Amino acid sequence: MRVKMKGLAFFRSIFYLPNLITISSVALLFGILLDWQHGSLNMVLMSLGIISEPINWLNNPTTAQLSVSLILTWMWFGHSFIVVMTGVSGISRDYYEAALIDGANRWQTFTKITLPLLKPILLYIMITSLIGGLQLFDLQCC
């Protein structure tokens with residue numbers, strides 16, 4: 001199924017861009033953003049009145065784990081996005097036309113056609129994400 005949308009290539013590039021940046025550059029960038037004394041995140045949250053004093057994001061175990069999880073999700077979202085979009089574009093349009101003729105709505109089309117045909121791709125993403133997370137586990141523990 002091909003979708004023609006203005007700027008689709010631009011958004012694909014933007015989503016994949018964090019995957020091209022080295023982990024050391026990302027660590028430096030987010031180290032500056034999450035600095036508890038002069039970090040941009042604390043400054044923005046204090047100027048908006050959300051927090052009254054700076055938060056030490058990387059010293060508290062809960063916020064540090066959350067921060068690392070969000071950074072890694074941001075970094076690898078583009079890869080998963082490209083793989084899923086490739087899987088969706090590989091689904092034959094005939095399935096959707098048959099569902100339309102049979103009177104299926106969008107939800108039924110998604111749950112009965114798209115999702116089952118994407119199961120192998122979603123399983124691949126889950127397994128590779130799990131492997132990547134386990135490879136980072138020893139790095140974070142030491």
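Modeller: Helices here are DSSP runs of H or I with at least four residues, strands are runs of E with at least two, and both are numbered from the N terminus. This is a predicted model, in which local features need pLDDT of at least 70 and side-chain atom pairs count only at pLDDT 80 or more, while totals for chains, interfaces and linings use all residues. Residues are numbered from 1 along each chain as its sequence is written, and side-chain values use heavy atoms, with hydrogens and water left out.

Colleague: Thanks! What pLDDT does the protein average, and which elements have the lowest and highest means?

Modeller: pLDDT is the predictor's confidence in each residue, from 0 to 100. The protein averages 87, and 93% of the residues score at least 70.

Colleague: What makes F15 and F77 an aromatic pair, and why is the pair called edge-to-face?

Modeller: Rings of Phe, Tyr and Trp (its six-membered ring) pair if their centres lie within 6.5 Å; planes under 30 degrees apart are stacked, over 60 edge-to-face, and the rest tilted. F15 and F77 are 5.5 Å apart centre to centre, so they pair, and their planes stand at 90 degrees, which is over 60 and therefore edge-to-face. The pair links distant parts of the chain, with F15 in helix α1 (residues 8-20) and F77 in helix α4 (residues 61-89), 62 residues apart. F15 and F77 also belong to one aromatic cluster together with F10, F11 and F81.

Colleague: And why is the pair of W107 and F110 called tilted?

Modeller: Their ring centres are 6.0 Å apart, within the cut-off, and their planes meet at 40 degrees, so the pair is neither stacked nor edge-to-face but tilted. W107 and F110 both lie in helix α6 (residues 106-141), 3 residues apart, about one turn of the helix.

Colleague: How do you know whether W107 and F110 are buried, partly exposed or exposed?

Modeller: Buried means under 20% relative accessible area, exposed over 50%, and partly exposed in between (1.4 Å probe, protein chains only). W107 has 60%, so it counts as exposed, whereas F110 has 37% and is therefore partly exposed.

Colleague: Why does N42 count as buried, and what is it in contact with?

Modeller: N42 has a relative accessible area of 1%, so it falls under the 20% limit and is buried. This residue of helix α3 has partners beyond four places in sequence, by the rule that contact means heavy atoms within 4.5 Å: they are D35, W36, I51, P54, I55 and W57.

Colleague: Where is L48, and why is it called exposed?

Modeller: L48 lies in the loop between α3 (40-47) and α4. Its relative accessibility is 61%, over 50%, so L48 counts as exposed.

Colleague: Now the largest pocket: what makes a set of points a pocket, and which residues lie nearest its centre?

Modeller: On a 1 Å grid over the protein atoms alone, a pocket is an open set of points with protein on both sides within 12 Å along at least five of seven lines; a lining residue has an atom within 4 Å of a point. By that rule 20 residues line the largest pocket, with L72, S129, G132, G133 and L136 nearest its centre. The elements that give two or more residues to this lining are α4 and α6, and α4 gives the most, 11 residues.

Definitions and conventions:
1 Å grid on protein atoms, 1.4 Å probe; cavity = no way out; pocket = protein on both sides within 12 Å on 5 of 7 lines; lining within 4 Å.
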